[in-house]
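Take a look at the model below. The report that follows goes from the whole chain down to single residues.

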Amino acid sequence: MEKSDNERLNELAQFLQTRRARISPEQAGLPNRGRRRTPGLRRGEVALLSGISVDWYTWLEQARNIQVSAQVLESIARALQLDSNERKHLFLLALQQLPADLPPADSAISPSLQRFLDLQGTSPAMVMDQRLNIVAWNRVASLIYGDYEGMSARERNSVWRTFTSPYIRELLQDTWETHARHRLAQFRANYGKFAGDPWWMAFIEELNQASEEFRTWWPEHDVLNGPEGVKINYHPAAGRIAFHQISFFVSDAPHLTVTINIPSTDDDTISKLNALLLA
């Protein structure tokens, strides 16, 4: 084994030891059985919480050159209550590669980002998380695509709504299939980071039950990232309107994507949107 590997494994061992030492049994949800010679959890307790053998975990803290899976590392990260930076550090030390990003528990956006959306005027603007949930929007987006404020969390998922909402089918008309396949391919690309995750598995099963098109297209495994380009909508009040779409990640929250639909000069779109906003 090369010297660099020895250093990496020793660093991994010391990192695990320090993370284990900072967590009390109570913090880990274990009973405290009296005074301890050293602070923190015992190796056996980390192994128990991680669902692995004591020997296997001990070998990691002894800097043994053993093969460890991403699944085992995820279990250890949860047991040691590692934050996102510590989790990435663990994976780099053990596997020499970064883990897939976990979906943040909180998809709330900053006031500054909401103000940015609101300042887009006649450009419908939205923020989506990695599950393609619409987590923020501006007024004109609600006027075009529906009252997000009044929707349930499931209805605000853009994949679910694309495949189950009669309003979206009517809004898109003959472009619905192109849009739906594009949205599904985006969803599939994100799913690759979280394959096997319970939320994704349950959501996919529910959509299989709810939509024949989803059930037919999901096995095709199409993947795609990026905006759709020109979008044509047929709004019940504004009529035919056209947009050019751009998307980008939020620098301080890269799990969030901002999408802005810029009104086209075609179809008198800007005038129609201004009338809609004034109605």
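## Contacts and overall form

In this predicted model, take the contacts of the protein chain with a separation of 6 or more: residues 24 or more positions apart account for 52% of them. The chain has 13 helices and five strands. Its radius of gyration is 24 Å, while the globule rule gives 19 Å for 279 residues, so the chain is more spread out than a compact globule.

The C-alpha atoms fill a box of roughly 75 × 40 × 40 Å along the principal axes. Of the 279 residues, 44% are buried. The chain exposes about 15000 Å². Carbon and sulfur atoms supply 51% of that area.

## Confidence

The average pLDDT of the protein chain is 89. A score of at least 70 is reached by 94% of the residues. Confidence is highest in helix 9, residues 166-172, at a mean of 98. It is lowest in helix 5, residues 84-95, at a mean of 85. Where pLDDT is low, predicted coordinates should not be read in detail.

In soluble globular proteins, nonpolar side chains tend to be buried together. Here, the largest nonpolar core has 35 residues. Y145, Y148, F163 and F187 have the most contacts inside it. Helix 10, residues 176-191, gives the most to this core, with five residues. A second, separate core has 23 residues, including F15, V46, V72 and A94.

What does Y148 touch, leaving out residues up to four places away in sequence? Its partners are M126, I134, W137, A141, S142 and R156.

## A buried serine in a loop

S211 sits in the loop between helix 11 (198-210) and helix 12 (212-217). Is S211 buried or exposed? Buried means under 20% relative accessibility. S211 has 1%, so it counts as buried. Its side chain reaches the backbone nitrogen of E213 at 3.4 Å.

## Two positive phi angles

Most residues other than glycine have a negative phi. H221 is not a glycine, yet its phi is positive, near 60 degrees. H221 lies in the loop between helix 12 and strand 3 (230-235).

D267 is not a glycine either, and its phi is positive at about 60 degrees. D267 is found in the loop between strand 5 (253-263) and helix 13 (269-278). With 29% relative accessibility, D267 counts as partly exposed.

Terms used
Residues numbered from 1 in each chain as written. Predicted model: local features only at pLDDT ≥ 70, side-chain atom pairs only at ≥ 80, totals over all residues. Heavy atoms only, no water. Helix = DSSP H or I, 4+ residues; strand = E, 2+ residues; numbered from the N terminus. Buried < 20%, exposed > 50% of the residue type's maximum accessible area, 1.4 Å probe, protein only. Polar contact = N/O pair within 3.5 Å; in protein donor to acceptor, adjacent residues only side chain to side chain. pLDDT = per-residue confidence, 0-100. Core = buried A, V, L, I, M, F, W, Y, C linked by side-chain atoms within 4.5 Å. Contact = heavy atoms within 4.5 Å. Rg over C-alpha atoms; globule rule 2.2 N^0.38 Å. Areas by Shrake-Rupley, 256 points an atom, 1.4 Å probe, with all protein chains shown as cover.
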